[in-house]
Amino acid sequence: MRAYLNSRLQTSLRVFWQLIKIMVPVMLAVKIAAELGLIAALGPLLAPMMALLGLPAEAGLVLVAAFTIGIYGGLGALPLLADAGVTVAQLSIVCSMMLFCHALPMEQAIVRKAGASFWFTAGLRLVAALLYAALIAAICRATGWLSEPADAGLLHRMASPTAGWSDWLVSSLISLAATFVIIVALILLLDLFERSGTTRRFTAAIMPLLRLSGLSRDLAPVTTVGVLLGLTYGGGLIIKEAQEKNFEPKMRVLALCWISLGHSLIEDTGLMLAVGADIWVILVFRVILILLLIRLVALAMDAVPALVKRLAV
């Protein structure tokens with residue numbers, strides 16, 4: 001048992017080291033930007049678009065960090081939302097957009113290498129993020145769903161960039177420590193899922209969804225790996241498999257669209273739950289939209305065969 005826990009701890013530390021190399025510079029940059037007044041200056045520029053989605057201007061800065069740097073870049077800027085006093089609905093919308101659309105330069109480069117258009121898959125992620133945000137915002141406005149203040153989870157333990165330097169430093173250390181605990185818990189949970197067969201059963205459960213979207217039986221297992229574990233894993237496997245098997249270009253594009261829109265369902269969703277997002281918004285309804293979008297892409301390629309050549313590389 002001690003050897004097992006030590007190995008999981010070592011794994012967690014390696015993951016955490018990769019994380020802080022991203023999060024700490026972003027957190028520091030946001031703090032310096034706040035001190036220089038750049039946050040206040042950039043806010044009005046992003047405010048009109050964010051207002052259309054029912055979000056405060058600060059959400060735009062979080063999304064820019066996530067879209068360009070990645071999930072952890074967005075988490076590093078997330079304390080801006082604590083200052084804005086967001087609702088659970090607003091926080092869940094921002095988290096969903098981060099899940100749909102993050103690290104675009106790096107991840108879509110992998111997708112292109114695996115065989116799908118960089119610009120199409122990047123555009124698909126952006127459209128999905130904006131469409132989903134607008135739909136959830138409209139539902140929440142009409143029904144009052146999730147209108148309570150976002151006061152749970154990691155969000156309010158994060159360092160506010162408007163705090164003094166000493167308070168900011170203490171809060172930053174606390175939030176990073178809390179993030180490390182979450183990473184350890186996620187790694188242990190993923191390992192438990194694997195050992196207990198839960199991952200295998202979840203994989204079996206998600207396979208019909210992939211097939212329903214139009215994906216072939218041959219590519220469904222590889223796509224499932226990407227959906228569960230991440231775009232890098234899934235994209236890498238598709239690159240490997242494509243070298244050994246002659247996958248149909250249409251199926252390769254559909255698989256990579258799936259992985260682009262919905263990867264790391266367990267780990268990334270767990271992180272968003274930890275900061276207080278609602279599971280129905282960040283997981284259940286999001287997967288439904290992904291299924292619909294992939295089905296539309298499949299139907300479009302069936303109706304216009306020339307699209308396949310344009311979308312596959």
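Predicted model: local features only at pLDDT ≥ 70, side-chain atom pairs only at ≥ 80, totals over all residues.
How many salt bridges does the count come to? I get 2 salt bridges, taking one as a side-chain nitrogen of Lys or Arg within 4 Å of a carboxyl oxygen of Asp or Glu.

Numbering runs from 1 along each chain as its sequence is written, and side-chain values use heavy atoms, with hydrogens and water left out.

**Glu-107 and Arg-125.** I looked up this salt bridge and found its closest N and O atoms 3.0 Å apart. It links Glu-107 in helix α7 (residues 104-114) with Arg-125 in helix α8 (residues 118-143), 18 residues apart; helices here are DSSP runs of H or I, at least four residues, numbered from the N terminus. Glu-107 counts as buried because its relative accessibility is 7%, and Arg-125 is buried at 0% (buried is under 20% relative accessible area, exposed over 50%, partly exposed in between, with a 1.4 Å probe and protein chains only).

**Lys-250 and Asp-302.** Here I have the closest N and O atoms at 2.5 Å. Lys-250 sits in helix α13 (residues 249-261) and Asp-302 in helix α15, so the pair ties together parts 52 residues apart in sequence. Lys-250 is buried at 13% relative accessibility, while Asp-302 is partly exposed at 46%.

**Asp-278.** I found this residue in the loop between α14 (267-274) and α15 (279-303). Asp-278 is buried yet has no salt bridge, and Arg-286, the nearest side chain of opposite charge, is 11 Å away.

Definitions and conventions
Helix = DSSP H or I, 4+ residues; strand = E, 2+ residues; numbered from the N terminus. Lys, Arg positive; Asp, Glu negative; His and termini not counted.
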